[in-house]
Amino acid sequence: MPPALEVKEINKSFGSHRVLHEVSFAVEAGEVHALVGENGAGKSTLMNIVGGIHNRDAGELLLKGQAIDPADVWQARQLGISVVFQELSLTPNMTVAQNIFVRREPTKALGMIDWQRLNADARALFEQIGVDISPTELVGNYSVGIQQIIEIAKAISFEAEVIIMDEPTSALSESEVDRLFGIIADLKAQGVAIVFISHKLGEVFRIADRISVLRDGEMVGATKPAESSPDEIIRLMVGRSFDDLYPPKGVVGDEVILEVRELSHPPLFHDISFSLRKGEILGIAGLVGAGRTEVARAIFGADSYSSGSIALAGERLDIKSPREAIEKGIVYLTEDRKVMGLFLSMTMRENIVSAALGRFVGALGILQHKEIAAESGRAMQRNDIRPRDDLLSVNSLSGGNQQKSLLAKCLSANPKALLADEPTRGVDVGAKVKIHQALRDLANHGVGVIVISSELPEVLGLSDRVIVFREGRISAILAGDNISQAEVMRHAVQ
Amino acid sequence: MQDAQAMRAKQAADAGLLRRFSLETLQVGGLALAIVVFAIVVQLNFPVFLSLPNINVMFVNFLPEAIIALGMTIVIITAGIDLSVAGIYPFSAIVVGLLMLAGAPIPVAILLTLAAGAVVGAVNAFISNKFRVHPFIATLAILLILRGVNIIITGGSPVSGFPEGFAIFGQAGIDMGGFTLRYSVFIWLGLALLTGYLLRHHRFWRLSYFIGGNRRSARMSGINVERYLVFVYMLSGTLAAVAGIIVASQFNAANNSYGQNLELRVITAVVIGGADLNGGAGSILGSMLGVLFIAMIYNAFAMSGISTYWQDVVVGAMLLASILLGEALKRRRA
């Protein structure tokens, strides 16, 4: 029997830039085939070609042995290929059912929508995949995690034979990931072929039957999880070997940089007390919604708190705005760099110095452009941002380089304490290693660093101590070299 | 501690009340309430306010705005804007008049004029799609061009002297003793009911909410957004032409000065009616109530003898209030 989907010798260039070269790839019915590679390796382009978004320059697409040529997303879906996009294709102001069946709504005479059947169809779909989601609720009222599941339900509703999931877990909490994997197992059992694109090798090894690795637009290897290891996959992905994803831990001083005492803001968080020492990386783990981001934003002055105190280097602070926080030396690296952290349409240079413009102001408030250029150049070098042209707009950079420039922006403010919220979300392994190293370098230079991450291996690999949040409270503070993922999870959920 | 608990319980109850109704229901309901209160206050001071003849006057005066607001609502739902309606409106009054004066039969003149409105709308969408210009700029340019064209083709003087049968669209009506209920009111009513129903229930028309809510995701769902916007702006242009034909009939004349600032009155009404300039929200019912509210304010001021300059102050304040209310509701529900 031919594979559910086969891609043969695909070539694709954008202008003079070659993105895919002679790429072949196949996924069988009832198989989960993981596709991994660094950002820019060509994974998304490949899947966009399969999903009907881009045209290919050369090569063949075969669906169950039949050559196909989908002209757009819609046609691909009707053929039985559904792509679950990394950036959700849902509209927040419409109901769940309307989103799932847009353009396919059951109708009465003259194209009028049959609302009852529409909602009933959606309800049946959710029953089939075993989730409790209301068809009549507005999509915007659900969390990103649930929206991801709705997106997958939408893909399933096309009776897809091939479902392509592009980074489906990047916004999910651990329990939501479990639920997603349950759904994937069911789909597998029904004979659906699944292409699973992910940066998270832990998940890839958990769910995949086969793993294919793309590097610089070429397929460099395909293997089975049982016959390989994360280290080997990483080697294939980057073409060089990494001794370790995480830098060696440093020496933590005794001096307390940031002291948080009984910080409360019901109902978001209660009685949060901890101290951050000079040279320390303090990890904050917990489920999405446990109050981690809220506490960080309160410390940074972006949100208010009801009671409690914050002291920086022994000095009691009363910060009311991010501006004051930055002046005092507290910097917050935002969770969603696209929304809050970077000015996407502005140049790298403007972004890098934007948090510290005060340092470059001369008489009468005139900006000192020479010094700005010099500082920006140093930051580009120090953080290894590529391409090394700080007059490019941030838009044009890859995700990893965007993240590195966000870090550069924070550093130009000379922070005493850095709060990094999901610093490596959605970036590839190579960029991840560099960000980890940059955070550790900072700590080694005496900055206190707080890392909030939903990826447990990252929290554990990077941090000197780990604080676990649960439902707005600290449920444990763990120290030592032998903290296990299981231990952290236990504190996070029970 | 108990206080905190009580507060949380109250917050939950508030949220429950807010969630029971959709944002649209709350906004349209609030506007309807404001209209009733306003009407009662004015009525107590000027007993003629709610008399049928006066209501009829309100309708007739704001009929063009009401018809154009139908198209504008859909344009705004798709996160667009159409300023050119204030150019198409006098343009189509002039075109229908010139065609009839040139000897075209009335139905032919009307069809050609409607087609002209649709073509202008298509040009709006084409410019905006093709050159990736914000519709504000594209339709502003077309508005300015049409204003100039209107003066050029009329030489600056009114066009008049239309055939008798043309009066049916804007002048003639049913004699209600005391006043004439014009047929044009039924044209508006029919169009409003039709667009309102289609926008709520028709598969194709509803796509406008998807496009305005998240253009990228609409594209991902296989919607040809550019082509859809051509339809939307053609609709808006055609409806502006309908309004222009009615006004030409009403005055038995066409003048390039018709419709000064009409685009702003229409947008104000649509936004007061709950439409979101960022797209994705809005309703025909809300927009019609918005037009009614503005019509009542203008009428009441004219009646009261207070300087009519104040009416714009009130309309502006109402616009602000409705936007602030909408934002507050959104935040409470989030």
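How many bridges join strand E9 of chain A to strand E10 of chain A? Keep that one in mind for the first close-up, and remember throughout that this is a predicted model.

**View 1. A hairpin made by E9 and E10 of chain A.** Here's the answer: 5 bridges join E9 (residues 210–215) to E10 (residues 218–223). The two strands of chain A run antiparallel. Look for A:Arg215, whose bridge partner in E10(A) is A:Glu218. Between the strands of the hairpin sit 2 residues. A:Asp216 is in that turn, and its phi is positive, at about 50°.

**View 2. The open sheet of 6 strands in chain A.** As a bit of background, strands of a sheet pair through backbone hydrogen bonds, and they can do so either parallel or antiparallel. Strand E6 (81–84) and E10 of chain A are the edges: each has a single partner strand, so one side of each has no neighbour in the sheet. On average, neighbouring strands here are turned by 20° against each other, if you ignore direction.

**View 3. A parallel pair, E7 and E8 of chain A.** Strand E7 (residues 162–166) and strand E8 (residues 193–197) of chain A pair in the parallel sense, with 5 bridges between them.

**View 4. Helices H5 and H6 of chain A against the strands.** Helix H5 (residues 144–157) of chain A packs on the sheet and touches E6 and E7 of chain A. The direction of H5 makes about 170° with that of E6(A). Helix H6 (residues 174–189) of chain A lies across strand E3 (32–36), E7 and E8 of chain A. Which angle does H6 make with E8(A)? H6 runs at about 150° to E8(A).

**View 5. An open sheet of 4 strands in chain A.** Elsewhere in the chain A numbering, the strand order is E12-E11-E14-E15, and the pairing is antiparallel. Strand E12 (269–277) and strand E15 (315–317) of chain A are the edge strands, and each pairs on one side only. Neighbouring strands of this sheet are turned by 20° against each other on average, direction ignored. Strand E11 (residues 256–265) of chain A is joined to E12(A) by 6 bridges. For a landmark, spot A:Leu258, which stands opposite A:Leu276 in E12(A).

**View 6. Where chain B meets chain A.** Now for the interface: 22 residues of chain B are in contact with 28 residues of chain A. Together the chains bury about 2100 Å², and 58% of that is on carbon and sulfur atoms. In chain B, B:Arg203, B:Phe210 and B:Met220 lose the most area to chain A, together 32% of what that side buries. B:Arg203 also has a salt bridge, with its side chain meeting that of A:Glu105 (3.9 Å, N to O). The count between the two chains is 1 salt bridge, and there are 10 residue pairs in polar contact across the interface. Helix H8 (203–213) is one of the chain B elements that give two or more residues to this side. H8(B) gives the most, with 6 residues. By class, the chain B side has 8 nonpolar, 8 polar and 6 charged residues.

Methods:
Residues are numbered from 1 along each chain as its sequence is written. Chains are lettered from A and ligands numbered from 1 in the order in which they are written. This is a predicted model: local features need pLDDT of at least 70, side-chain atom pairs count only at pLDDT 80 or more; totals for chains, interfaces and linings use all residues. Side-chain values use heavy atoms; hydrogens and water are left out. Contact means heavy atoms within 4.5 Å. Buried area is the accessible area (1.4 Å probe) that two parts lose on being put together, summed over both. A salt bridge is a side-chain nitrogen of Lys or Arg within 4 Å of a carboxyl oxygen of Asp or Glu. A polar contact is a pair of N or O atoms within 3.5 Å; within protein, one must be able to donate a hydrogen and the other to accept it, and residues adjacent in sequence count only if both atoms are side-chain atoms. Ala, Val, Leu, Ile, Met, Phe, Trp, Tyr, Cys and Pro count as nonpolar, Asp, Glu, Lys and Arg as charged, and the others, Gly among them, as polar. Two strands pair if DSSP finds at least two bridges between them. Axes are lines fitted to C-alpha atoms, for helices over the stretch in contact, and angles run from 0 to 180 degrees between N-to-C directions.
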